[in-house]
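Student: Please take me through one part of this model in detail. I would like to look at the second chain, and then at how it meets its partner.

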Amino acid sequence: MTHAGGALTGSQSYAEGDYSMHAHTTKRSHEHGITLIELVVSITVGAIFIASIIGLFIAIGSSQRNVWYLDVATRTARSEIENARAKGVNLLTEGNTDITNNLPSALPQDATGVMNVGSVFAGRSRLVTVTITWSGGAKNVTLTGVVGRKGLIP
Amino acid sequence: MKRLSIENQRGYALVFILVISSAFLMIGLSIASVVAARYESSKRNTYVESAILAADAGVTDTLNVLLTQQNFTGYDTNKQMYADVDKGKAEYSTEVTYDETSELYTITSTGYAYRTPSATTPVNTKTVEVTASLGGQSIPARVAAGPGGLVVNGDGAIGGENIWVNGKVQINSGMVGSTTWTILGPNADTTLSVANKGCGDSTNYPIKCTGPRPGSGEPIQIVNTGNNGIYGTVCATDQVTNTNIFPGLGGQGFLYNCDAPEVIMPQYDRQELYDSMTQTLPGFACDRYNHEGATPPYILRANTIYSGNVTYAPPTFQNCGGVIEGNVYIRGDLNFSGIGGIVVADNDSNGNPITKPPIVAVEGKINIANHWSNFAPNSHGVGAIFISFNSTSTACNTNPSCNSLPSNHLYNSVNVPTVTFAADSTAVSYVFYSYFGTVRVTNGTVGAVSGQRIEIASNGGLLGGGFLTGGINKDSFPVGDAFGGKVRAAIWNIVNYRQVFP
């Protein structure tokens, strides 16, 4: 601890030192209180900010995963339609077919897929709709294409 | 110094926390904005895919229409593919160009993806361009039946060669104690192809049938199987029952899981035929009052429009034979009854031999009844091609440029007999074609038939040597082209596919 005055000697110095010490103690107590309030306020504000930021980063992480899932689901749905085109409409089963087993592991565990072979569109071609759902059904991608006898051929 | 120093630190922690937190917040918000942009981009990609798939759907739809309307130019206005609360909306428009030299069709299709069913501004638009040709070998045909299918009743029979049916085949035996008869003779090495595309209603006719199978949904129905049978190689879409379908001597019998192609009905450019006529004469009737004599009206003159009905109907024991000198266009009905042979002239007006079948196009109906003389070939073995363009559309009947019907008129016309052959005679070198309706052969023998529906009944038969002319677009015309004797399976080959960017 440093003193504000110069070097002290004898009782005066001691008394002065006591006074000085008392005064200093009073001053410091006051100063410490202010610092504590500062700290409490700072910590509170900081905690709020940090909580917000953590929440933000969690939301960012979640959004990034959803973006990734959206990309993967869109590619997968398109891929399923192309696979159906490669087979040709005659080898497809009318109605809903569960394609969950065809979904890539990049999608969440609860992701499900359904291919619907619907009504006749043109010639022998049919409308085929692929729906991929995840997050308990809250998120999904739906693509609808036409599958002919062979590719685009009706 | 110390107090001052402490006093100067007042609020520094708060400021420090605020600065650091703000920095993190800014970083976080920046990342969040990037993620949001990425999310929007990924969502947009879904609409891009939807737009491309809509454009693809436009290609498929257009290819399908081109099978029956080779002059189809595409969908000028947007056609809806789907509109759904969950999926939004997708539309497409198309444009068709045909290159006669390469015989290639180019289809430019633009797909539109909308966020909601009611949206009018697309989120994304994509264009694809597909070049395609009608593939498959031209194939001989004795019968080419459209969506109305082929019906055989009683002792009707068809022998040899290939039978192409776009709809269904129904075989009914109305004869008690009939001897065995067949669609294809037991010795036939031939093909019966049944595409099962004869369903739908007046709004969408014809579409592929999707009935249950086995059962009434199957395209081949054989009633009273004890007397009936099909011999040869049989390919029928959706057929699972092979009862009374036999290989014969050279065929393969019933082919399981066979996908029969739709056949392109022979195409004739009626307008081109009409425009090639060089004179117009009134219709005539060779009947009791004017049937005798060696001069016209017996003759159907080459390149002539007859403006009314043409009738060969001599009274009993009178002869009213006719001669076909070349292509003819009749703006009425064509009727034959009584005695009198019909023959194609040996030579044209220039003295050149007629070696290609003349075409007799009729706006009305063709009725051949109680006719006891043959339809004979000329000395070169050439018969004629009789075509009725009659339908339920009176506007189309009298319009030479009408070569196709909308779904509602085709649906209503398909079961209407517009060509009836009920003569006790043979016409084995002749072809009869009902462009929009039914050909009904109830007696006698003809060479080949084509129609939206074919009915063979009683003693009617197709056992002759005639074949269908056919093909697409310019294959069967200009006038005077070779008698092709073939039709084409409706098989598209996609030569090129590319996305078009603005």
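Tutor: What follows starts with a sheet, moves to the nonpolar core, and ends with confidence and the contact between the chains. The model is predicted.

Begin with the open sheet of chain B, which has 4 strands. Their order is β19-β22-β25-β28, and the pairing is parallel. At the edges stand β19 (299-300) and β28 (375-376) of chain B; each has a single partner strand, so one side of each is left without a neighbour in the sheet. For β28(B), the partner to look at is strand β25 of chain B, residues 342-344, which runs parallel to β28(B) and is joined to it by 2 bridges. To find the place on screen, go to B:Ile342, which stands opposite B:Phe375 in β28(B).

In soluble globular proteins, nonpolar side chains tend to be buried together. The largest nonpolar core here has 134 residues, and those touching the most other members are B:Ala54, B:Val360, B:Phe386, B:Ile387 and B:Phe432. Strand β30 of chain B, residues 417-456, provides the largest share of this core, with 19 residues. Leaving out residues up to four places away in sequence, B:Phe432 touches B:Phe386, B:Val419, B:Phe421, B:Val439, B:Val446 and B:Val449. One of these, B:Phe386, is also listed among the core residues that touch the most other members.

How far does the predictor trust chain B, in terms of mean pLDDT? The mean is 79, and 78% of the residues in chain B reach 70 or more. Among the elements of chain B, strand β23 (residues 328-330) has the highest mean pLDDT, 96, while helix α1 (residues 2-8) has the lowest, 48. Over residues 1-6 of chain B the pLDDT is below 50, and this stretch has 5 contacts in the model beyond near neighbours in sequence. Residues 463-486 of chain B also have pLDDT below 50, but there the stretch has 85 contacts beyond near neighbours in sequence.

Finally, the partner chain. The contact takes 46 residues from chain A and 43 residues from chain B. On the side of chain A that touches chain B, α1 (10-87) and β4 (139-147) of chain A each supply at least two residues. The most comes from α1(A), with 24 residues. By type, the residues on that side of chain A divide into 24 nonpolar, 15 polar and 7 charged. The scores for the model are ipTM 0.74 and pTM 0.63.

Conventions:
Residues are numbered from 1 along each chain as its sequence is written. Chains are lettered from A and ligands numbered from 1 in the order in which they are written. This is a predicted model: local features need pLDDT of at least 70, side-chain atom pairs count only at pLDDT 80 or more; totals for chains, interfaces and linings use all residues. Two strands pair if DSSP finds at least two bridges between them. pLDDT is the predictor's confidence in each residue, from 0 to 100. Two residues are in contact if their C-beta atoms, placed from the backbone, lie within 7 Å. Ala, Val, Leu, Ile, Met, Phe, Trp, Tyr, Cys and Pro count as nonpolar, Asp, Glu, Lys and Arg as charged, and the others, Gly among them, as polar. A nonpolar core is a set of buried Ala, Val, Leu, Ile, Met, Phe, Trp, Tyr and Cys residues joined through C-beta atoms within 7 Å. A residue is buried if 20 or more other C-beta atoms lie within 10 Å of its own, exposed if 12 or fewer, and partly exposed in between; C-beta atoms are placed from the backbone.
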